[in-house]
Amino acid sequence: MNVPKIPEGLIQMPGLDERDKKLVAAIQSGLPLCSHPYAEIGQQIDMAEAEVIQRLQRLLDNDFIKRMGVVVRHHELGYQSNAMVVWDVPDAQVKALGHCMGQFEFITLCYQRPRRLPEWRYNLFCMIHGRDRDDVLRCVELVVERCSLQSVAHEVLFSQRRFKQRGARY
Amino acid sequence: MSHRINQSIADKEISALELTALERRLLNDFQRDFPLSATPYADMAEKLGVSEQQVIDTLQKLKEQGAISRVGAVFRPNRVGVSTLAAMAVPLDRLEEVAQLVNEYDEVNHNYEREHDFNLWFVATARDDAHLKAVLDDIESRCGLTVLFLPLVEDYHIDLGFELKWS
């Protein structure tokens with residue numbers, strides 16, 4: 001195994017109590033499509049509707065939840081091509097370049113990850129969804145230009161078969 | 001190899017032309033700020049000038065078609081539970097077999113083939129670090145292949161949803 005330790009700070013769940021965890025478990029595959037979805041979730045875990053709503057609001061305020069809403073599947077909506085673009089960015093510039101990339105609307109994820117030398121040199125990852133391959137490559141060019149990445153090594157890993165895609169379960 | 005589109009799960013592209021105006025608005029306008037009121041679908045219906053039942057039925061249809069995976073929360077990675085991206089360089093003649101083995105784990109939620117020597121990329125999520133490590137160790141030993149472990153260090157993306165362009 002290749003350096004498995006996750007930073008301690010990411011493991012802890014500060015401010016999340018047992019009832020929050022029950023709620024997170026109950027909503028992770030989505031809200032029911034019915035008139036009173038929060039009441040229905042509450043019934044499953046013996047929690048009043050008002051408490052469900054209040055706890056979800058706090059999870060949003062605390063940034064445990066990034067957003068609540070309709071989660072679309074790009075591929076089915078005509079975005080047939082997606083690529084993970086990986087960059088070998090000088091450590092001192094990761095933050096600035098990450099912020100630069102994170103703002104493009106066609107970039108749906110932008111993460112710093114550890115290098116695993118010698119097999120893996122790249123430390124900044126972003127996901128680009130496009131209508132087709134050329135569309136994605138045009139987006140990559142735009143990122144190179146706008147963030148001044150001309151001298152930064154990168155690779156474009158187009159996706160092929162999708163073996164699995166669903167929300168996370170904890 | 002270069003342009004193959006061969007999905008292993010339901011693969012039907014929904015043409016923008018097949019979508020009604022209501023469907024487009026539901027897909028584009030409600031990726032965030034979903035109402036935290038007792039009757040969120042009724043609130044959406046009011047904004048859209050349709051009935052609550054129409055909103056519910058249309059979302060149900062979009063879900064069945066695969067245009068949406070769910071209506072609900074997108075969690076910030078590693079705030080609730082732990083997760084990691086992982087990669088393997090799988091010999092091509094074993095790719096199908098190894099992908100199916102990885103898929104068996106309930107902890108794995110994304111699993112893609114990508115064009116690279118590291119050709120199998122998956123995301124594993126678990127309640128805690130020990131469980132996550134056990135899953136990846138298990139995959140590694142069952143496949144006899146090294147798993148590149150690439151947990152998130154920093155998230156630079158502000159998720160405002162994804163603007164769908166219909167033209």
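Strand β1 of chain A (residues 65-72) runs antiparallel to β1(B), and seven bridges join the two. Strands are DSSP runs of E of at least two residues, helices runs of H or I of at least four, both numbered from the N terminus; strands pair if DSSP finds at least two bridges between them. Val71(A) stands opposite Arg70(B). In chain B, β1 spans residues 68-75, and six of its eight residues are buried (20 or more other C-beta atoms within 10 Å of a residue's own, with C-beta atoms placed from the backbone).

The model is predicted: local features need pLDDT of at least 70, side-chain atom pairs count only at pLDDT 80 or more, and totals for chains, interfaces and linings use all residues. Residues are numbered from 1 along each chain as its sequence is written, while chains are lettered from A and ligands numbered from 1 in the order in which they are written.

Helix α3(A) covers residues 37-45; its buried residues are Pro37(A), Tyr38(A), Ile41(A) and Gly42(A). These fall within an arc of 140° seen down the helix axis, so they line one face. The arc is taken from the directions from the helix axis to the C-beta atoms. Their cover includes α2(A), α4(A) and, from chain B, α2 (40-48). Asp46(A) follows α3(A) and has a positive phi, near 60°.

α3(A) and α4(A) pack at about 105°, with axes 8 Å apart. Axes are lines fitted to C-alpha atoms over the stretch in contact, and angles run from 0 to 180 degrees between N-to-C directions. The two helices are therefore roughly perpendicular (65 to 115 degrees). Tyr38(A), Ala39(A), Ile41(A) and Gly42(A) meet Glu49(A), Val52(A) and Ile53(A) of α4(A), contact meaning C-beta atoms, placed from the backbone, within 7 Å.

Notes
Buried ≥ 20, exposed ≤ 12 C-beta atoms within 10 Å, placed from the backbone. Contact = placed C-beta atoms within 7 Å. Parallel < 35°, antiparallel > 145°, perpendicular 65-115°, else oblique.
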